[in-house]
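Trainee: I'd like to go through this one with you. Please put it up.

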Amino acid sequence: MSKPLKRNVLFAAAFLIPATLFTLIAASDPLPPDATYRPLPTRPFSAVKADDEAQKPRVMLRQADLLNRRYDMSDRPIAGVMMSAARKAVQGGVRVKLPAGVTWESLAEMSPDEIRQRGLMPEGFLPLPHVKQATGGQVIPDRHIDEIRRQEARDLRRFDVNFDLPDHLTPEFPPPVFLTTQPHLGDVSRGQLLTIKNFYEFMNGIITPVQMEGLRLLLTPFPQEEFNQTEDRKVAEQSTGISCLDCHANFHTNAAFHLTPDVRPQAARFRLDTTSLRGVFNQQVHGSKRSLRSVEDFTEFEQRTAYFNGDHVSATRKGVHLPDRTNQVAMMAQMQNIIDFPPAPKLDPFGRLDRTKATEQELAGEQVFFGKARCAECHVSQTSFMDNSMHDLKLERFYQIGNTSNDFVILPDGPIKTFTLRGIKDSPPYLHDGRLMTLADTVEFFNLVLGLKLTQQEKEALVAYMLTL
Amino acid sequence: MRLLALGSTLTILLVSSAFAQIGNPAGADPGTRQAAPGVPAPHQTNTQDQLFAQQVGSGGMAEVVLGRLADRKAQNRAVKEFGQLMVQDHGKANDKLAALAKSADIPLPNEPDPEHKAVQARLEGLNGAAFDVAYLAAQVQDHQKTAQLLQWEINSGQDAQLQRFASETLPIVLKHLRMAQDLAAQTAGQTPREFAPATTGMDHGDGSRRVRQ
């Protein structure tokens, strides 16, 4: 290249580069600074607390109103059907309320387009809002709060919200604990809630040192978004935090709820009903949207997600806990991986009903489950009634997106993982956000969403069958 | 249960009251006057409300300008109609927002922001199918951003009326987004990828407006 030409090229380049940069800058004006990142509070703790406390009765009334509009919340157990430890009756009947002028049968005859255009989707089938969407965070049921206060003198009560579902629509408390390593022992919980105080005494001699250390960590409170020492907490006293098993009580669930850590903005974050950890040893997909492939990955990262809403910046401010992969994560994972499903005496080793033990109705239900109702296409019996996949039901075919319900913007759910149906009678409420109160509700939901056109008899048989799982 | 029973008796009160939105008071402006403990008085804004009004105001203004441009320059009749719809819907929304901003004493911008001016300049230089493609691509982006902004205000703002405006506007903006996506797909010869095409359930109240190729 000759000197003048080279100079010209350089000159042209020097001229072009700033022009390009300018275009890039001008074309990328971002949304507000706190659209993704959590803003710092603008006022001192005492002022925020006073306002939160003043708002609380309205918050709870607004949520109760929403729940009563959506569901029949009454205490109507199925006669003679108890959860696995026989501490709580299983609730029956369809609880989702129908819009005026339709029946479940007439609704099932309509196309998704018609239901959407006429606004006939039962409200209880739509995503369920958190009790206080703008704040979100973990909300623990009263019975758990009381027991932790009694055993550990640790306060899990929030001053801004209470748990919103009545006790009879949640799992039995405390739930029984079954170990894959000790099937002959049955429930090893002694009818107690496992806590940092009692775990050693209860588990000494039946789990390994590695599992014991994992259990200790799973029961140790660590700072969390609403439970910490900063002015941005939602608990009256400075808090030592939350433990994994404060939601996954006894490795099952106490129906504590949260917002998904995996979505922004805040208004669009959907509610998450705590998942049971029973049978996690067979589960390959973890997290509501992250689709993590091992319980180790999930356990290691949960400090950033359930604890801090997928916001590592906030975690750093409030007290981050980074479990060591080899010495802590592996042990926590190994403890979780020995938690078994509750016994299902009517199932054979392939997860099919034993014909000598099942009733006619249960067998009929199994046939519907594997046939007309298409449940088994995702809830595969050989793999603990799940398929280790995420699926999109495209529920938004049935409703207009973008409407706001109690400050929660109802958008499409997108793909959600298949949950196990083993021990399902122990795990109300149902679906990832707990929007369905009973198994009968789940049958009506899928009857509509999958266009199954089940008869009343088939619906009842399906419920009877699911109670055997 | 007592709470649940109380809830139903107060349904009417709650539905009709100004308590539809309940924000996180940690984000309230320290100078907020309150109508009752924990309830900001009408038109008491925080930083987010103000930023929201300005950003949505400037975006809405650009929608009208670009919509008129599309009405004038678009090759495809459906794109032209979409431009007209933007002028109509965003014009209405802009008027509503201007009234709310005035009550809350928020100064709104007088002209579109530099980003939208750049888009406008680029579109002025395009014609025919190239204009349609570029206009629709810009519309998809704009409505994506506006939907995010509206959702952000619904949880982060504190002026109940601005928040209600955001809630009411969001479903319409999401419809526009879907329409722009579908039109862009049609222009590129693709079928809309979603289950529920925008051309069904696109009723804006009069039932007459449909997007046609």
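**Loops, domains and contacts**

Mentor: Start at A:Pro429, which is in the loop between E8 and H12 of chain A. Helices (H or I, at least four residues) and strands (E, at least two) are DSSP runs, numbered from the N terminus.

Trainee: And the ground rules?

Mentor: This is a predicted model, so local features need pLDDT of at least 70, side-chain atom pairs count only at pLDDT 80 or more, and totals for chains, interfaces and linings use all residues. Residues are numbered from 1 along each chain as its sequence is written, while chains are lettered from A and ligands numbered from 1 in the order in which they are written.

Trainee: Back to that proline. What is the peptide bond from A:Pro428 to A:Pro429, cis or trans?

Mentor: Cis, with omega near -10 degrees. A cis bond also joins A:Arg264 and A:Pro265, with omega about 0 degrees. A:Pro265 sits in the loop between strand E3 (257-259) and strand E4 (271-273) of chain A.

Trainee: Why flag those?

Mentor: Because most peptide bonds are trans, and most residues other than glycine have a negative phi.

Trainee: OK, phi then. What is the phi of A:Phe251?

Mentor: Positive, about 65 degrees, and A:Phe251 is not a glycine. Find A:Phe251 in the loop between helix H7 (209-219) and E3 of chain A. A:Ala255 is in the loop between H7 and E3 too. Phi of A:Ala255 is near 75 degrees.

Trainee: Why does A:Phe251 count as buried?

Mentor: Because A:Phe251 has 25 C-beta neighbours inside 10 Å. A residue is buried if 20 or more other C-beta atoms lie within 10 Å of its own, exposed if 12 or fewer, and partly exposed in between; C-beta atoms are placed from the backbone. A:Ala255 counts as buried with 25 such neighbours inside 10 Å.

Trainee: Which residue has a positive phi in the hairpin of E1(A) and E2(A)?

Mentor: A:Ala86, with phi near 60 degrees. That hairpin has six residues between the strands. Strand E1 (residues 77-82) and strand E2 (residues 89-91) of chain A pair in the antiparallel sense over two bridges. Pairing here takes at least two bridges found by DSSP between the two strands. A:Met82 has A:Ala89 in E2(A) as its bridge partner.

Trainee: Changing topic. Where is A:Lys346?

Mentor: In the loop between helix H10 (325-336) and H11 of chain A. A:Lys346 counts as buried because it has 20 C-beta neighbours inside 10 Å.

Trainee: What does A:Lys346 touch?

Mentor: A:Leu353, A:Asp354, A:Lys357, A:Ala358 and A:Thr468, leaving out residues up to four places away in sequence. Contact means that the C-beta atoms of two residues, placed from the backbone, lie within 7 Å. A:Thr468 is 122 residues from A:Lys346 in sequence, yet their C-alpha atoms are 6.6 Å apart.

Trainee: Is helix H13 of chain A mostly covered or mostly open?

Mentor: Mostly covered: eight of the 11 residues of H13 (residues 456-466) are buried. Among them are A:Leu462, A:Val463 and A:Tyr465. The cover includes helix H11 (360-370) and helix H12 (439-449) of chain A.

Trainee: What does UniProt place at residues 360-469 of chain A?

Mentor: The feature "domain: Cytochrome c", from an unreviewed entry. UniProt positions are given in the numbering used here, feature names are shortened, and annotations may be inferred rather than shown by experiment. In the model, this stretch is 30% helix and 9% strand.

Trainee: How does the domain assignment divide chain A?

Mentor: Into domain 1 (77-129 + 344-466) and domain 2 (133-336). The bounds come from an automatic or database domain assignment. The C-alpha centres of the two domains lie 26 Å apart. Across the boundary, 35 residues of domain 1 are in contact with 31 residues of domain 2.

Trainee: And chain B: how many helices and strands?

Mentor: Seven helices and two strands. Of the 213 residues of chain B, 43% count as buried.
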